[in-house]
Amino acid sequence: VITVPNALSIPENATVDTTITNSITVSDADVGAFGDATLQLLSVTKAGATIAAPFKLVQIGTSATYELQVATPLDRDDVHGNQLLVTLQATDTGGRTTNQTFPVAINDVNDNEPVFFEASYSGFIDEGTTVGREVPQLSIGFEDLDTANGNFVFSLEGTTAGFPFVANETSTRIPKELIFKTTGDLDFETTPQYNFTVALTDDSFTIRVNVTITVNPLDDEAPAISRGLATADVDEDAASGSVVATGF
């Protein structure tokens with residue numbers, strides 16, 4: 001009989017030789033010469049497929065108690081997933097065998113920085129664009145390989161009072177993106193360009209990327225005469241092309 005504790009788990013960043021449990025036991029109902037049994041790790045599977053075992057079974061002295069330990073580095077995100085099935089085999093001195101399979105959960109650790117897909121981002125939008133419009137062709141894509149710890153908080157740095165944009169995280173696009181919408185008036189003559197930084201933080205890491213939004217000028221200003229009503233005199237016999245007045 002193989003006895004294994006319930007609900008075994010190990011963090012994915014556990015070092016080699018870390019003990020998962022030291023309470024695995026093996027026993028045999030027979031007495032005498034056939035009452036002794038030994039235990040070995042038979043296999044480890046992930047999603048039904050046998051993999052190289054990242055665990056090892058270590059007997060405690062000469063007792064019938066064993067430790068399950070980490071044998072190789074674990075990686076929940078790319079290699080081992082969130083659960084592995086371990087099969088042990090007990091063999092008595094008469095050659096009879098018994099197998100038992102049990103799960104070991106691989107707990108996620110926030111060991112990957114989130115990443116932006118580009119080194120910097122830029123977008124263009126016409127001045128006079130109505131409030132609530134999305135900045136065209138400006139979406140800041142990002143991802144985190146950590147499955148359970150991929151929670152993000154973003155902020156804008158380097159903006160000033162009256163900054164006329166708001167950033168929103170998309171919920172329907174995969175990978176995730178930040179988009180920007182207008183919240184105020186855009187005037188090329190006042191502010192032709194906005195330069196700022198997006199900071200993205202998960203539970204352990206913060207990354208930053210520079211963003212530029214350029215305001216496109218439009219022909220939205222009528223020409224103006226700098227002087228008000230003015231008068232000028234000219235001789236009645238002045239030749240064609242004579243200067244009547246200057247300075248307008």
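**View 1. S9 faces A105 across strands β2 and β9.** The bridge partner of S9 in β9 is A105. Strand β2 covers residues 8-11 and strand β9 covers residues 97-107; the two pair in the parallel sense over 4 bridges. Strands here are DSSP runs of E with at least two residues, numbered from the N terminus, and two strands pair if DSSP finds at least two bridges between them. The model is predicted: local features need pLDDT of at least 70, side-chain atom pairs count only at pLDDT 80 or more, and totals for chains, interfaces and linings use all residues. Residues are numbered from 1 along each chain as its sequence is written, and side-chain values use heavy atoms, with hydrogens and water left out.

View 2. Strand β8 (residues 83-92) is joined to β9 by 9 bridges, and the two run antiparallel. Q83 has A105 as its bridge partner in β9, the residue that is also the β9 bridge partner of S9. Another bridge links Q89 to N99 in β9. The hairpin has 4 residues between its strands, and G95 takes a positive phi near 90° there.

**View 3. Five strands make an open sheet with mixed pairing.** The order of the 5 strands is β2-β9-β8-β4-β5. At the edges stand β2 and β5 (49-51); each has a single partner strand, so one side of each lacks a neighbour in the sheet. Direction ignored, neighbouring strands of this sheet are turned by 40° against each other on average; the strand axes are lines fitted to C-alpha atoms, and angles run from 0 to 180 degrees between N-to-C directions.

**View 4. T45 lies in strand β4.** Strand β4 spans residues 37-46 and includes T45. Is T45 buried or exposed? T45 is buried, with a relative accessible area of 18%; buried means under 20% and exposed over 50%, with partly exposed in between, for a 1.4 Å probe and protein chains only. Apart from neighbours within four places in sequence, T45 is in contact (heavy atoms within 4.5 Å) with T50, I51, L84 and L85. In a regular strand, side chains alternate between the two faces of the sheet.

**View 5. Four strands make an open antiparallel sheet.** The 4 strands follow the order β1-β3-β7-β6. The edges are β1 (2-3) and β6 (55-59), each with a single partner strand, so one side of each is left without a neighbour in the sheet. β1 pairs with strand β3 (residues 19-26) in the antiparallel sense over 2 bridges. Opposite T3 stands T25 in β3.
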